[in-house]
Structure formats: structure tokens, C-alpha cells
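Here is a short report on one protein chain. Take a look at the model before reading on.

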Amino acid sequence: MHIQYIKRNQICLLLVFLLNITIAFAQNKQAADTAKVFSLEDLQMQVFRYHPIIKQAALLTESARANVLQSLGYFDPALKAHFGSKMFGNTEYYNNWDSELKVPLWLAGADLKIGYDRNVGTYTNPETRTNLSGLTGVGLSIPLGQGLIIDSRRSTLRQSKIMVRYAEAEQVKQINSTWYAIVKDYWNWYYSFRQARLSQEGVDLAQTRFRAVAAQTTLGDKAPIDSVEAYITVQERIVQLEKNKVELQNARLILSNHLWDKDGNPLELPANAAPQPVAANVTRPSQAVLDTLVNQASDQHPELVKLRTKGSQLAVERSYRQEMLKPKINVSGTLLSNRRSLVTNVPGYYDFNWSNYKVGLDFSFPLFLRAERGKLKEVKLKQQELNYDLQQSGREIRNNVLSSYNDLRAYESQLAVQLQSVKNQEALLKGESNKFELGESTLFLINSRETKLIDMRIKLESMVAGYQKTLAELYYKAGTRQTLIAQP
């Protein structure tokens, strides 16, 4: 009997020694009092201030506004001048000076022209010859046919202004997409964190139970095989804990991809950072919230806004192509004068009046208009395609929102059942522990029920993370972002 007691003591001491060596490799436990909560709101503030993709999205509208500025260049006044002179054999062949200020006008596609010509010399063309004072002209060039309603420069400007709205919608889409991906990474980190924490609690419980069983074995109240079984449970849970720690480290690294400082330097999520606590008894958004999201999606979803903007652009293009079916009839008229300045004294018959003028008329018209009709037909076909696309996209977006809401409803029901299952399992474990204390149960049943409880809690946290990701998906499918409330 004395020999058996010594062997039992040796076995227990050996197992305790091995346990201390094993848990030495698993002492990276995060203390709850040193953990600092890094909430989703904190992440949002950090991301929207410094994330490169968010900053890049802001460049889309800036680029579109730059195109508008470029299109406005077609309405910039233009000043041009030409000078030419020829002297040969003591003869001044010609001395020509032509200058003009052209001011494009928005109204009717007209151009205001102010010019000054001085063409003198022995061999100057009589049609353009002037006296030594030269001629000053003020006139207009107006398209009476093609280009009266809309021309290429007005079409380009209108389309570029429309594309600003397109760029704004693309910016919203890019920001929403980026934020949705970040939110999923956050809740993946949350699940990994909670999984590691629950695994650590399981290791602590197994270690405590092993020490108790080892002490009882030393006293002869328990068989040595119980100590071996308790020690195996500790080993199994430590192996699982180490695996979960690696997953937590990887999840932390993935979330760190989205953290930057104001100078554009990458940041790392601190090792003592903890995700915000989330209750398992969730309540999905109300029907009123769903109706609001559906209506908002049909009116303001970035994809639909982009399609409608593209439709507005095609409408401008169609008006321009219809205008191109008209004949070109350009009328120009210029009043002439020898006046060089407002204070110059000029005889009345050489000053500005209706007797001193130049007029011109240009006319052209393709007989078959095949090129113009083909381009117009192409624009009409694009409009039809766009209408079909808009119709289908609107239906898909609405159904995607409803689908995400249905997933939330399912998560709500599943979480309620899982939460109750966890409570029931806790009651079973407590009852089994009481029976074990009375000697009416086995360590195997205790470990089995405890392992089952840990697994059920981990599954519960997985469902909580899945619910939060689906909630973010609901708002993302509606083309917006969830409004975050500051954590207490």
C-alpha cells in the first residue's frame, strides 16, 4: 500500500511538472484590465481621415471638375494676329497687319469678333487693301442651321458637368466598398479575439481541474488515471489555444492594413487592443428602417446614380447628333471704321455706320446624311441598352437589400436559440460538476460537457460576428453606410 502511494505521488508530481513546462509556452494571455477597447467608431475615424483609398476616391471629383475647366476653355476669348512685310528693289511690295479678338458666346453658338486690319503696299490685294489708318471691325458670326441649338463645345461642356455627378457617385461607391471590406476585417478580428479568449478560459479551467485532481490523487481520493485524463485535456486545449492565437495574430495583421497616420505611415494594431463588446441578444433593424433603405437605394444608390448620369449624358449627345442633321448656315456681319480709338476724329462716312460693313454666308449640306444618321442611331441604341440596364440593376439592388435583411432575420432567430443552448449547457455542466463532487460522475463527462460549452460559446461569437457583417452588408447593398453610435 505504501509503495502504491509513492508511485501515485510520483505520477502526480511528474504530471504537474510537465504541466508547468507546457503552460510556459502559453502564457501570452491578454489581461482584461490592460486591454484597450478599439471600437468600430475609432476605426472609422482613423480610416476616413488617413486611409489612402479614401483619399484616392476624393480625387475622382477633382478630376471631373478639371475636365469641366478644360471644357470651359472652348469659351475662352482668343486673340490672334499676323504680320507680313516684303521690301525688294526699293519697293514695298506689301505691309500687312491682321489682328482679331474672338469671344465665343453661349447664346446661339455665336462668336463676337473685334478686329483691326492694315494692308498697304504696291502689290497688296485690292480686296484687302486699306489706307494707312487701317480698318477696325466689330461683328458677329451666327449659325442659323446646324449649331444654333447646340454645338460641339456646348455639348462637351454639358457632358463634362454631368460627369461630375458620375464621379461623385463613383466616389461614394468606392468609399462604401472600401469601408465594407474594412468592417468585415474588423468583425473577423472580433471573432478571432473572442475565440482566443474563450480558448484561454478553457485552458485555465482545465489547469485548475488538473491541479485539484492531482492533489486528490496524491491523497488517494482519485485514481492516477484521472490525473492523466485531466492532463491530456489540458494539452488538447493548449494546442487549440496556440492555433487560435495564430489566427488572432493574422486577423490583427489584416486589420492593420487599414491603419495609417496623418503622414501616410502605416500603423500596427496594438497587441493589447480589444474589439468592442457586443451583446448576443440582437434585434434586427425595424421594418421602417428597411423601407427607408429600399427607398434610398432606389433613389441614391451609386450604381443607379451612375446609370442615370450616363443617361443624362446620352441625352445631351442625342440632342447634339440631332442638331447635326441640319444644314450648315453660318451668317457673319461686321461693321467697319477707320477709327483706331474712341478719341480719334474720323469723318462720318468712314466711321461705324450701316453703310460700312462686311457680310458673309456659308452653306453646306450632305445629301444623304448617312454618317450623321448612323451616329444618331448609335446613341439611341445606347439609350435603350442603358434603360434595360437601369431596370435590371434597380431590381437586383432591391432584392439584394431584402436578401440581406432576410439573413439578419435568420441570424436573430439563430442567436436566440444558440444563446438559450449555451445557458442550458451551462446548467448541464453545473449539475455534472455537482455530481462529480459527490462521486456520482466521471472526469470524462465533466470535460466533455465543458468542451461542448466552450465550442458552443465560440459558435455563438461566430454568429455574432456574422450578424454584424450581415448588418454592414445590408447598408452596403443599399448604397450607404451604417451610422455608428459612440460606445459608452
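Contact here means heavy atoms within 4.5 Å. Leucine 361 touches Ile329, Asn330 and Val331 in this sense, leaving aside residues up to four places away in sequence. The model is a predicted one.

**Overall form**

The chain has 488 residues. Its secondary structure comes to nine helices and eight strands. Along the principal axes, the C-alpha atoms fill a box of roughly 145 × 50 × 40 Å. The radius of gyration is 41 Å, whereas a compact globule of 488 residues would have one near 23 Å. Buried residues account for 38% of the chain. The accessible surface is about 28,200 Å². Carbon and sulfur atoms hold 56% of that surface.

Rolling a probe the size of a water molecule over the atoms shows where empty space is left. The structure holds one cavity of 30 Å³ or more.

| Space | Volume | Lining residues | Lining make-up |
|---|---|---|---|
| Largest cavity | about 120 Å³ | 14 residues | nine nonpolar, four polar, one charged |
| Largest pocket | about 570 Å³ | 30 residues | nine nonpolar, 13 polar, eight charged |

Start with the largest cavity. Trp179, Val183, Ala472, Arg481 and Gln482 lie nearest its centre. Helix α4 gives the most, with five residues.

Now the largest pocket. Which residues lie nearest its centre? They are Glu100, Asp117, Thr334, Leu336 and Lys358. Strands supply much to talk about here. At least two lining residues come from each of β2 (78-88), β3 (91-104), β4 (111-120), β5 (135-143), β7 (328-337) and β8 (357-364). Strand β5 has the largest share, seven residues.

Histidine 258 sits in the loop between α5 (224-256) and β6 (273-275). Is histidine 258 buried or exposed? Its relative accessibility is 13%, and buried means under 20%, so histidine 258 counts as buried. Beyond residues up to four places away in sequence, histidine 258 touches Val47, His51, Ile182 and Asp185.

Threonine 451 belongs to helix α9. Its relative accessible area is 32%. That value falls between the 20% and 50% cut-offs, so threonine 451 is partly exposed. Arginine 237 is 214 residues from threonine 451 in sequence. In space, the two are 8.9 Å apart, C-alpha to C-alpha.

Leucine 361 lies in strand β8. Why does leucine 361 count as exposed? Its relative accessible area is 59%, and exposed means over 50%, so leucine 361 qualifies. Leucine 361 and arginine 449 are 88 residues apart in sequence. From C-alpha to C-alpha, they are 99 Å apart in space.

Conventions:
Residues numbered from 1 in each chain as written. Predicted model: local features only at pLDDT ≥ 70, side-chain atom pairs only at ≥ 80, totals over all residues. Heavy atoms only, no water. 1 Å grid on protein atoms, 1.4 Å probe; cavity = no way out; pocket = protein on both sides within 12 Å on 5 of 7 lines; lining within 4 Å. Points joined across faces, edges and corners; volume = space filled by probe spheres on them. Helix = DSSP H or I, 4+ residues; strand = E, 2+ residues; numbered from the N terminus. Nonpolar A, V, L, I, M, F, W, Y, C, P; charged D, E, K, R; others polar. Rg over C-alpha atoms; globule rule 2.2 N^0.38 Å. Buried < 20%, exposed > 50% of the residue type's maximum accessible area, 1.4 Å probe, protein only. Areas by Shrake-Rupley, 256 points an atom, 1.4 Å probe, with all protein chains shown as cover.
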